[in-house]
Every structure is written in structure tokens, then in C-alpha cells.
Amino acid sequence: MDDQTRVRRFESFFVPHLDAAYNFARWLTRDERNAEDMVQEACLRAFKFIDSFHGEDGRAWLLGIVRNTYYTWLKRNKVATLAVPFDEESFDAGEIEASGDRCASPIDQLLQEKDAKRLVNGALERLPEEFREAIVLRELEGLSYKEIAAIAGIPLGTVMSRIARARKLLLQYLRQAQES
Amino acid sequence: MDCTDIRTRLHAYLDQELDLPSAMEVDRHLATCDACKKAYAEHSALQSALRSHATYHDASAGLAQRIRARVAPARERKPWFPWQQWLPMGAAVAATALLSWTAAIQYASVSEDEATGERVIAGHARSVVTGHLADVASSDQHSVKPWLSSRLDYSPPVTDLTGVGFPLVGGRLDYLDQRPVAVLVYRHREHMINLFVWPLQEGARAQPVHRLAKRGYNVLHWNDGGMAFWAVSDLNAAEMRDFAAAYAAAK
């Protein structure tokens with residue numbers, strides 16, 4: 001493949017997904033500058049390995065590279081992550097009583113308020129990253145569990161439990177924000 | 001299935017990831033169990049809150065330019081012509097000319113897309129502001145399609161998407177780039193979606209879905225089957241992608 005073909009392939013497969021790549025990087029890093037650097041680095045990697053891309057889903061491919069770039073960057077910078085200890089298998093049991101029974105106001109009522117945007121963004125930013133990435137790919141990018149599993153390199157069941165956990169935490173954060 | 005099983009599947013149910021038999025089981029349970037129904041309602045409200053309030057961060061125009069600038073120089077390093085080393089000046093001039101020519105094409109086509117995006121948004125906004133959504137108001141694809149075909153020199157693909165949450169409202173003619181074009185009008189909740197369709201010029205390639213966002217509107221553009229498609233709405237990016245996917249799947 002000559003360089004011109006590479007550039008052309010890059011233009012048609014990856015440039016259309018720059019918004020998706022940036023949005024994902026921005027939610028992972030929670031920072032504008034770092035997100036831009038990350039997308040640049042990811043695009044250069046995508047370009048470097050473009051010969052091994054055979055026209056599958058360009059968005060998923062690029063998002064996967066953004067994610068790898070992010071975790072490499074985390075390791076390099078030794079940023080402490082706020083991962084909560086979490087047992088993927090057994091979190092469901094016992095949570096039924098905990099959710100919804102308190103006399104908190106319903107979530108749709110809370111989100112009628114004019115600062116709904118701030119509340120929702122704030123809650124998303126608070127999520128530990130493994131849940132944040134899953135829910136961002138699901139709700140903002142509209143991806144299926146299968147696509148998310150491929151991008152994050154995790155089994156389908158794990159995607160399902162992370163999304164469930166993300167939603168439960170978001171509801172909890174939104175209620176806390178409302179109470180304070 | 002008891003409540004614990006249902007709660008485990010509730011999210012896959014909400015995300016339409018369950019197979020039909022499991023989804024029906026959840027349906028049946030929700031019809032009889034108030035606690036699970038309440039949990040479902042809550043997660044469903046959270047889902048729409050995320051989709052309508054969470055910020056979708058678009059890449060800046062500068063970012064795309066910086067990436068292009070770092071990808072393109074790869075071309076400059078190798079000599080293009082065997083005689084380049086003997087004629088460095090001539091080759092350098094040729095290289096500069098070729099580079100600015102390709103850059104001009106790239107930027108010209110980007111801004112052309114942006115300009116079309118602007119015109120499509122204007123057409124959509126005009127129809128909403130004036131309340132003139134459709135010339136032919138019908139959810140029946142078999143009456144919208146012939147109405148449009150009889151007034152145009154092409155026949156746009158018309159599909160009702162009620163089954164997947166985007167009912168067809170009707171069709172309209174608009175005038176864009178000095179030609180009349182078909183606009184299919186869809187509704188999602190209280191939001192209108194305008195889908196502009198016109199035939200591509202000879203030699204234009206199929207193009208995957210590409211997104212523009214401007215002034216609170218989301219615009220998706222793709223080329224397929226010899227037609228250019230421009231969908232515009234104030235829906236968020238994820239819902240617009242759902243719409244494009246539903247339209248593509250229904251063809």
C-alpha cells in the first residue's frame with residue numbers, strides 16, 4: 001500500500017469518527033487538553049497500523065485504540081485511579097431492597113430542574129472509569145453490548161454488569177447531589 | 001423468574017439486548033410486580049436523562065487539522081521521483097505544488113460538506129418555525145413515495161420506522177443547491193427529524209455515516225446506493241445514530 005492510499009484510507013475510515021474519538025477520550029480523561037493529546041496519539045497509531053485495517057467498523061477500531069492509548073498513558077503517568085473494589089459476579093443480590101425504597105423524589109422529577117445538565121455531567125464524571133467508559137459508549141455513542149465488549153476487550157457478561165453497576169451508581173450520585 | 005433474576009436482566013431489557021423469549025418474560029413480570037416496575041421506570045428515566053443532558057464533546061476543527069498535518073508529512077520523506085536528488089529545487093517546487101493541491105481538495109470538500117450541512121439545517125429550521133413540516137402528511141410509505149416521485153426526477157427510498165420508534169410523518173419538497181429535493185419527515189418523541197435525499201453525481205462513492213453538529217442541531221450525512229442522505233434534528237447524537245441505523249436496516 002503506498003502512502004497516498006494510506007492517507008486516503010485514513011481520511012475515509014477514521015476522520016469521520018474524530019468526534020466519537022474525542023468525546024470518548026474527553027470522558028475518559030475528564031480534561032480537554034489530555035483528551036486532544038490522546039486522540040492525536042491514537043490517530044497516529046491508527047495510521048501506523050492502517051495496513052492491518054480491512055474496512056471493518058472504523059469507529060470501533062478507533063475507539064479501541066483511544067482506549068488503549070488512555071490506559072497506556074495512565075500507567076506511564078502513574079495516575080492513581082479511583083477504582084472501587086467490586087465483585088462482578090455477586091453485586092446484584094441484596095441490592096433490591098437498597099434501591100428505590102427510600103422516599104427520595106423520582107429521578108425524572110429531579111431532572112426537570114434547570115441544572116439537570118450539570119447534575120448529569122457531574123454524576124458521570126464521578127463514576128469509576130471502568131463503569132464510566134461502558135456507560136458513555138452505551139448512552140452517548142449508542143453502541144451495543146457486543147461492540148462495547150470488542151472495544152474494551154471484556155466478555156459480554158462483564159459489559160452487562162458494568163452498565164448495570166454504572167446506572168445504580170449514577171442514581172445514587174444524583175440523589176446525593178440533590179440532597180446536598 | 002423471580003425479582004432477583006429480573007433485576008439482573010433489567011438493563012439488558014432496557015438496552016434491547018435480550019432475545020425475544022427473555023424480553024417477553026420480563027414484560028410479563030413487570031406487568032405484575034410493582035417494585036420491579038418502579039426500578040425499571042427509574043432506570044429508563046435515567047437513560048433518557050443521560051441521552052438528553054450529558055454533554056457530547058465534539059472534536060475541535062483545530063484537532064482535525066493538527067492530525068492531518070502529522071499524518072500527511074509521512075508522504076514528504078520519501079523521494080517521489082528518482083531524479084529528485086539531482087533536481088532538488090524542481091522537486092521541492094513540485095512537491096509544494098502537489099501538497100497544496102491535495103490540501104486544497106481536502107479542505108474544499110470539508111467546507112462543501114459544512115455548507116451543505118448549513119443549508120440542510122436551514123431547511124429543517126424553516127419547516128419547524130413555519131409549522132410547514134410536510135406537503136404530504138401521511139405515515140403510509142406507499143402514499144408518500146409516489147407523491148414525491150411524481151414531482152422529482154428520482155424516487156427516494158421511503159420507509160416507515162414506527163416499529164423502531166421513528167414514525168413517518170410525511171414528505172416535503174425543498175430546494176437545495178439549485179434543485180428540488182425530497183425531504184422525509186420522521187418523529188421521535190416530540191422531536192422532528194428531516195431526512196434530505198437526493199441522487200449523487202456520477203462517480204461519487206458510498207460514504208459511511210459522518211456527523212456534524214451546529215447550533216444545537218445534529219446532522220448525519222452518508223451516501224448509499226447512489227443517493228446522498230442528510231438527516232437533521234435537535235435529537236442527541238446517540239438517538240440520531242439509532243435513527244440512521246434503523247433507516248439503513250429497514251431498506
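Me: Before we get going on this predicted model, what makes a residue buried?
Reply: It comes down to counting C-beta atoms around the residue's own, within 10 Å. With 12 or fewer others the residue is exposed, and in between it is partly exposed. To be buried, the count has to be 20 or more.

Me: Good. What share of chain A is buried, then?
Reply: Chain A has 180 residues. It is built from nine helices and zero strands. Its buried residues come to 38%.

Me: And what share of chain B counts as buried?
Reply: Chain B has eight helices and seven strands. Its length is 251 residues. The part of chain B that counts as buried is 29%.

Me: In chain A, what percentage of the contacts with a separation of 6 or more comes from residues 24 or more positions apart?
Reply: From the N terminus on, the elements run α-α-α-α-α-α-α-α-α. Take the contacts of this chain with a separation of 6 or more, and the share from residues 24 or more positions apart is 73%.

Me: Are helix 2 and helix 4 of chain A roughly parallel or roughly antiparallel?
Reply: Helix 2 (residues 18-29) of chain A and helix 4 (residues 58-77) of chain A have axes 9 Å apart and pack at about 25°. Angles under 35 degrees count as roughly parallel, and those over 145 as roughly antiparallel. So helix 2 of chain A and helix 4 of chain A are roughly parallel.

Me: How many nonpolar residues are in the contact of helix 2 of chain A with helix 4 of chain A?
Reply: Helix 2 of chain A brings A:A20, A:A21, A:F24, A:A25, A:L28 and A:T29, and helix 4 of chain A brings A:R59, A:L62, A:L63, A:V66 and A:Y70. The crossing itself is right-handed. One residue of this contact is polar and one is charged, and the nonpolar ones number nine.

Me: How do helix 8 and helix 9 of chain A sit relative to each other?
Reply: The axes of helix 8 (residues 145-152) of chain A and helix 9 (residues 156-179) of chain A cross at roughly 105° and come within 9 Å. A:Y145, A:K146, A:I148 and A:A149 in helix 8 of chain A meet A:L156, A:V159 and A:M160 in helix 9 of chain A. By class this contact has six nonpolar, no polar and one charged residues. Angles from 65 to 115 degrees count as roughly perpendicular, so these two helices are roughly perpendicular.

Me: On to the two chains together: which element of chain B gives the most to the side that touches chain A?
Reply: The contact takes 41 residues from chain B and 45 residues from chain A. Among the elements of chain B that give two or more residues are helix 1 (3-14), strand 5 (207-214) and helix 8 (237-250). By class, chain B's side has 19 nonpolar, nine polar and 13 charged residues. With 11 residues, the one that gives the most is helix 3 of chain B.

Me: Is B:A54 buried or exposed?
Reply: B:A54 is in the loop between helix 3 and helix 4 of chain B. B:A54 touches A:V120, A:N121, A:L124, A:E139 and A:L140. Within 10 Å there are 22 other C-beta atoms, so B:A54 is buried.

Me: What about B:R189, buried or exposed?
Reply: B:R189 lies in the loop between strand 3 (179-188) and strand 4 (191-199) of chain B. Its phi is positive, near 50°, in a residue other than glycine. With 10 other C-beta atoms within 10 Å, B:R189 is exposed.

Key
Residues numbered from 1 in each chain as written. Chains lettered and ligands numbered in written order. Predicted model: local features only at pLDDT ≥ 70, side-chain atom pairs only at ≥ 80, totals over all residues. Contact = placed C-beta atoms within 7 Å. Helix = DSSP H or I, 4+ residues; strand = E, 2+ residues; numbered from the N terminus. Nonpolar A, V, L, I, M, F, W, Y, C, P; charged D, E, K, R; others polar. Axes fitted to C-alpha atoms, helices over the stretch in contact; angles between N-to-C directions. Left-handed = near helix turned anticlockwise from the far one by under 90°. Lists of a residue's contacts leave out its neighbours within four places in sequence.
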